[in-house]
Amino acid sequence: MTITLTHFLIVSAILFSFGIYAVISRRNAIMVLMGIELILNSANINFLAFSRFGGMNIEGQMAAVFVIILAAAEAAVALAIVLNIYKRFHTVNVDEISFLKD
Amino acid sequence: MLETILSNLNNILPEVVVTVTLCLVLILHLIDRKNAQNLMLLAVAGLFTALYVLTTQIGLNNSTFSGMLSVDPFATYFKIVIILSTIVVAVMSRFSDEINDEKKTSGEYYFLILSMALGMMFMVGASNLLMMYLTLEMSSLTSYVASGFTRKAKDSTEASLKYLLYGAFSSGIMLYGISLIYGLTGTLDIVGVNHVLMQGSSSQLALIVASIMILVGFGYKISAVPFHFWTPDVYEGAPTTITAFLSVASKAAGFAMMMRAFKVMFIDSSVTSLPPGAWTLISGVHIQNALMILAVLTMTLGNLVALWQDNVKRLLAYSSIAQAGYMLLGLVVLSSDGFAAVMIYFVVYLFMNLGAFYVVMLIANKTKSENIDDYKGLGKRTPLLSVALAVFLVSLTGLPPTAGFIGKWMIFLSLINAKMIGIAVIGVLNSVVSLYYYVRIIRNMFLRDGQPNEEPIKFPLAQNILLMSLLIPTLYFGLFFNELIQFAQFSVQMFGLK
């Protein structure tokens with residue numbers, strides 16, 4: 001069996017769905033952030049697969065490199081905020097951190 | 001290579017000035033940790049320099065850094081809006097007790113708002129999908145930190161977490177949409193995307209899914225319903241200065257990016273039989289209907305929920321959601337008139353919304369409360385401030401003779417010219433609803449009595465000067481608006497379009 005573009009797209013679509021599922025169902029802030037990370041990486045797979053198999057230019061690979069860097073920066077900021085949350089509330093459960101009323 | 005970079009630097013000179021300023025602020029903060037006042041002055045001086053450099057760029061229409069950024073009248077106009085609001089917010093922060101209580105880190109605060117402004121300035125010029133994503137994240141990441149700036153307050157910490165989770169999620173979905181667009185067209189440059197889409201070979205369904213995913217990212221940034229869930233919590237929890245900044249500059253940048261992306265990517269330039277200024281979308285892209293639904297939902301929900309709010313900051317948060325709805329109407333029209341109306345609205349919105357938040361902040365400094373019941377009797381205790389707040393709120397409603405009337409009038413006029421009477425009627429009805437909750441605050445200030453024996457509140461001269469510099473334009477643009485309208489109509493031009 002040869003691996004084609006379709007296979008990569010299916011993998012990335014599955015990863016994307018897992019990411020969305022994690023963000024919606026998980027209550028732990030860290031797990032939500034991991035779901036977001038999955039979404040970013042699924043987009044990265046798309047970029048790379050299109051660039052390699054779609055007969056396109058190198059722009060997609062360049063985009064993937066930038067997204068990896070950005071994901072790292074985002075993780076740094078996100079973990080700092082979660083740490084701050086833990087210091088204040090002694091929990092990272094997003095349901096329990098809801099004092100601003102609606 | 002180096003020469004190309006250096007010659008391109010001229011095009012982004014205002015951004016370079018802001019970058020240098022924020023580096024200086026950070027270094028000076030490390031040397032002298034006590035003098036936040038000097039840092040504020042340095043930041044404001046840098047911003048004024050950037051504003052001056054920007055005015056020399058008016059009329060420039062080209063692209064730079066191999067098509068990554070456009071330096072065109074459209075971008076310049078929005079950069080002016082962003083820099084003006086950054087200046088106001090920087091000065092406003094000087095008077096904020098919330099920020100001044102954080103003595104050790106107030107230098108970092110000015111660094112944060114400058115880098116937010118920098119991200120936004122790049123956002124309005126971005127003309128490559130990757131660049132759009134990166135700049136959106138650049139301004140978002142700093143916004144997350146800034147909204148949690150007062151680390152001691154629980155509300156602020158919670159606001160930053162909620163902002164982070166919603167923001168990262170929405171921009172992740174947007175990135176996936178961008179990757180699909182790349183797969184469909186083989187390029188990330190928005191003009192290139194337009195060329196490929198014009199040939200009409202790509203799959204319709206995939207294109208619709210991708211454009212809706214990109215819309216999620218924009219919708220989050222401009223807080224359009226149904227991507228608005230973060231807005232009330234973040235606006236209530238964040239320091240008031242940051243709330244004001246997010247509600248004006250961040251929204252302006254989001255709108256500018258969205259307008260550029262949808263116009264340049266989806267315009268059908270082969271159709272020529274249209275009235276001047278109007279354009280049409282590539283067949284099969286139903287973004288106009290999506291925007292229409294979004295606009296109606298956004299203003300209706302924003303206005304209806306605002307009716308029940310007792311916290312003034314939260315009320316203004318819902319009001320700013322509703323304002324985003326009115327502005328979206330200008331995008332639905334698909335004409336230069338509609339775009340110009342949105343751009344006029346942003347200048348007006350800059351003064352009236354920052355003014356409203358500024359007064360709320362000054363009152364909270366003295367009374368330690370943002371509850372609408374504590375505004376009772378303020379009309380007697382501090383007449384100037386109360387009258388100013390009343391003017392800002394009347395302007396937000398859109399009544400003459402304030403500037404808000406001109407903003408709304410231009411948007412509804414462009415709708416009527418495009419024969420979209422139904423939508424215009426919904427917009428007007430919404431304005432009537434909004435009158436109720438804005439007047440509630442005014443009624444509490446002037447017609448209700450507060451606690452007996454309350455002392456009059458006095459404010460220093462410097463604070464009143466800033467108030468006046470927001471109040472006077474709010475009234476001025478309500479009467480003398482021709483030049484503003486001309487400037488906006490001139491600034492509609494985007495690079496890559498005829």
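Buried residues make up 31% of the 102 residues in chain A of this predicted model. In chain B, 60% of the 498 residues count as buried.

The secondary structure of chain A consists of 3 helices and 0 strands, and along the sequence the pattern reads α-α-α. The radius of gyration of chain A is 17 Å, well over the 13 Å that the globule rule gives for 102 residues, so chain A is more spread out than a compact globule. Chain B is built with 21 helices and 2 strands. Its radius of gyration is 22 Å, close to the 23 Å that the globule rule gives for 498 residues, so chain B is as compact as a globular protein of that length.

The table sets out some values for each chain.

**Where the chains meet**

Between the two chains, 34 residues of chain A are in contact with 33 residues of chain B. On the side of chain A that touches chain B, helix H1 (5-25), helix H2 (29-53) and helix H3 (59-89) each supply at least two residues. H3(A) gives the largest share of that side, 14 residues. Sorted by class, the side of chain A that touches chain B has 24 nonpolar, 6 polar and 4 charged residues.

**A helix pair in chain B**

Two packed helices are described by the angle between their axes and the distance between the axes. In chain B, helix H10 (residues 204-221) packs against helix H12 (residues 240-266) at an angle of about 155°, and their axes are 8 Å apart. Angles over 145 degrees count as roughly antiparallel, and therefore H10(B) is roughly antiparallel to H12(B). The crossing in which H10(B) passes H12(B) is left-handed.

Which residues make this contact? From H10(B) come B:Ile214, B:Phe218 and B:Lys221, and from H12(B) come B:Ser250, B:Gly254, B:Met257, B:Met258 and B:Ala261. By class, the contact of H10(B) with H12(B) has 5 nonpolar, 2 polar and 1 charged residues.

Terms used
Residues numbered from 1 in each chain as written. Chains lettered and ligands numbered in written order. Predicted model: local features only at pLDDT ≥ 70, side-chain atom pairs only at ≥ 80, totals over all residues. Contact = placed C-beta atoms within 7 Å. Helix = DSSP H or I, 4+ residues; strand = E, 2+ residues; numbered from the N terminus. Nonpolar A, V, L, I, M, F, W, Y, C, P; charged D, E, K, R; others polar. Rg over C-alpha atoms; globule rule 2.2 N^0.38 Å. Buried ≥ 20, exposed ≤ 12 C-beta atoms within 10 Å, placed from the backbone. Axes fitted to C-alpha atoms, helices over the stretch in contact; angles between N-to-C directions. Parallel < 35°, antiparallel > 145°, perpendicular 65-115°, else oblique. Left-handed = near helix turned anticlockwise from the far one by under 90°.
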